[in-house]
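The tour goes from stop to stop, with something to select at each.

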Amino acid sequence: MMYETEDVLSHRARAFSINNIVSPPRGFAYHGLQMQQCVGTDHLAFSDRGRHFGEFPGLPGHMEHKPQHMMAGTAGPPPIPTTTSQNKDIKVTLEGKDLWEKFHKIGTEMIITKAGRRMFPTFRASVTGLDPHAKYIMLMDIVPVDDTRYKYHNSEWVVTGKAEPHMPGRLYIHPDSPATGAVWMKQVVTFHKMKLTNNNLDQHGHIVLNSMHKYQPRFHIVQANDVFSLRWNSFSTYAFQETQFIAVTAYQNEKITQLKIDNNPFAKGFRDNGLSRRSEQEDQQ
């Protein structure tokens, strides 16, 4: 659990377990969530917080199963109520959509390492429809698309079996949070510092993923003055299908490698000294 003092939380990116906010049902594996295309939009969205966190089959009352931090007697926010609403005026546009689509057509891969690796393409979004004077927290999580494991065979991704158990999901909070709607709407919201790892014991707030599994990044907007008041506020959640990817420890498709070299300004290591040099440089970022 990645809690720090409140004054530090307001100045840097944070990540913490979804289980510290929402109690999962007994024996529930946090698999991918079914997504439906929104009418008249180019992204996938969820109508409210309860829809994607509070309506799993067999979900018990939120007091029946307390989060681990509550059971241990440590500080942290209690579960968010599942009865919330979404502001229909908020519109989110994926930046760099054309580049994401190029990767998506081939089959996007994202490197995960023990030290943590940044995503490329980077998730960037523009937001409109916020209350200019209200404060908002912007955050992301990454959830499994399905419950299967993949392998790259004969130049294509194929299902190879059941998914491995997933670690409890983490939320990565944008380091500028909280900020007013006016501030968010005049800039592109960029999550370039978010890192992916395969280290189940990670203590740096990176997003923990399993190699050879498919994932969906999700973007959340919460009207709240601070992270500790998240439970009292509604979530608006957006998921763009073209940002789905398979987590890997080494690129499998040469076309993906070439696309990253051609478009990533930090891919100098690929061009100069090959993949191993690139891995070392990114792990140090």
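In which loop is the place of Asn154? Select Asn154: it sits between strands β8 (148–153) and β9 (156–162). Strands here are DSSP runs of E, at least two residues long, numbered from the N terminus. This is a predicted model, in which local features need pLDDT of at least 70 and side-chain atom pairs count only at pLDDT 80 or more, while totals for chains, interfaces and linings use all residues. Residues are numbered from 1 along each chain as its sequence is written, and side-chain values use heavy atoms, without hydrogens and water.

Is Asn154 buried or exposed? Asn154 is exposed because its relative accessible area is 62%, and exposed means over 50%, buried under 20%, and partly exposed in between (1.4 Å probe, protein chains only).

Next, select Asn199, in the loop between β13 (195–197) and β14 (207–208). Asn199 counts as buried because its relative accessibility is 18%. Leaving out residues up to four places away in sequence, Asn199 touches Lys114 and Val208; contact means heavy atoms within 4.5 Å.

Last, select strand β17 (residues 245–248). Phe245 and Ala247 point one way, Ile246 and Val248 the other, and all are buried. In a regular strand the side chains alternate between the two faces of the sheet. Strand β4 (residues 109–111) pairs with β17 in the parallel sense over 3 bridges; pairing requires at least two bridges found by DSSP. Look for Met110 opposite Ala247. Strand β15 (residues 214–223) pairs with β17 in the antiparallel sense over 2 bridges, and there Lys214 stands opposite Ile246.

Notes:
Helices (H or I, at least four residues) and strands (E, at least two) are DSSP runs, numbered from the N terminus.
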